[in-house]
Amino acid sequence: MKTQQPVVENLSFGKLSLFEEYAVIECFCGVDVGYPEIEELKRSLFPHYKNRIFGLVANRVNQYSVKLLAIKDLFSAQNLVAGAIIPSSSVGKIAALMEDEIVEDAPIQVFSILNEAITWVLDQVAIKNQKERFNKPEPSKPEQETWGFR
């Protein structure tokens, strides 16, 4: 896995590190991540990635709560193609599994090691990019002269 220096943004509820094909979010202890926080996160994510495909890693080193429907809304974006969660407790793991159940637009996996989560997210991004290239229609060709034959 190649490493690079991320663009780091301090959000009102945590820190966001933006890499080329994925982002890592670390929320502050005790915050309640709902629609306002997801909207703030979107204002950082989507201008950075524009229309490029990317994944999101939630490194949950702190205890905090997440509104499931707000997470579902975040993952409804077409270019956010995978999510990885590294919970810090067994309760956090159960919450992460619930997120995976409710989010339909992108796969979410639970990991215990950050590097494994990043590797999986990068694999998902690569798979989606490959599918996009494969399914992209060829440019239309000008109609060829038929020399009077049809």
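Lys50 is exposed, because its relative accessible area is 60%, where exposed stands for over 50%, buried for under 20% and partly exposed for the range in between, with a 1.4 Å probe and protein chains only. Lys50 lies in the loop between α1 (35–49) and β5 (54–59), and its phi is near 50°, a positive value in a residue other than glycine. Helices (H or I, at least four residues) and strands (E, at least two) are DSSP runs, numbered from the N terminus.

This is a predicted model, in which local features need pLDDT of at least 70 and side-chain atom pairs count only at pLDDT 80 or more, while totals for chains, interfaces and linings use all residues. Residues are numbered from 1 along each chain as its sequence is written, and side-chain values use heavy atoms, with hydrogens and water left out.

Turning to the aromatic rings, a search of the whole structure finds four aromatic pairs. One of them joins Phe46 and Phe54 in an edge-to-face arrangement, at 6.0 Å centre to centre and with 65° between the planes; rings of Phe, Tyr and Trp (its six-membered ring) pair if their centres lie within 6.5 Å, and planes under 30 degrees apart count as stacked, over 60 as edge-to-face and the rest as tilted. Both Phe46 and Phe54 are buried. The pair of Phe111 and Trp120 is tilted, because the ring planes stand at 45°, with the centres 5.8 Å apart. Phe111 is buried at a relative accessible area of 15%, and Trp120 is buried at 16%. Ring pairs also link Phe46, Tyr49 and Phe54 into a cluster.

Helix α3 (residues 90–102) has 13 residues and should span 18 Å at 1.5 Å a residue, which agrees with the 19 Å between its end C-alpha atoms; the expected span is 1.5 Å times one less than the number of residues. The buried residues of α3 are Gly92, Ala96 and Glu99. They lie on the same side of α3, because they cover an arc of only 55° around the axis, the arc being that of the directions from the helix axis to the C-beta atoms. These buried residues pack against β6 (65–66), α2 (68–74), β7 (80–86) and β8 (108–110), with contact meaning heavy atoms within 4.5 Å. The face of α3 turned away from its buried side carries the exposed residues Ser90, Val91, Ile94 and Glu101.

On a 1 Å grid over the protein atoms alone, a cavity is a set of points where a 1.4 Å probe fits but cannot get out, whereas a pocket is an open set with protein on both sides within 12 Å along at least five of seven lines, and lining residues have an atom within 4 Å of a point. Grid points are joined across faces, edges and corners, and a volume is the space filled by probe spheres set on the points.

By this rule there is one cavity of 30 Å³ or more, and the largest cavity has a volume of about 170 Å³. Of the 19 residues that line the largest cavity, the closest to its centre are Ile25, Leu56, Ala58, Arg60 and Ile71. The largest share of this lining, three residues, comes from β7.

The largest pocket holds about 220 Å³ of space. Of its 15 lining residues, the closest to its centre are Arg60, Tyr64, Val91, Gly92 and Ala95. Helix α3 provides the largest share of the lining of the largest pocket, five residues.
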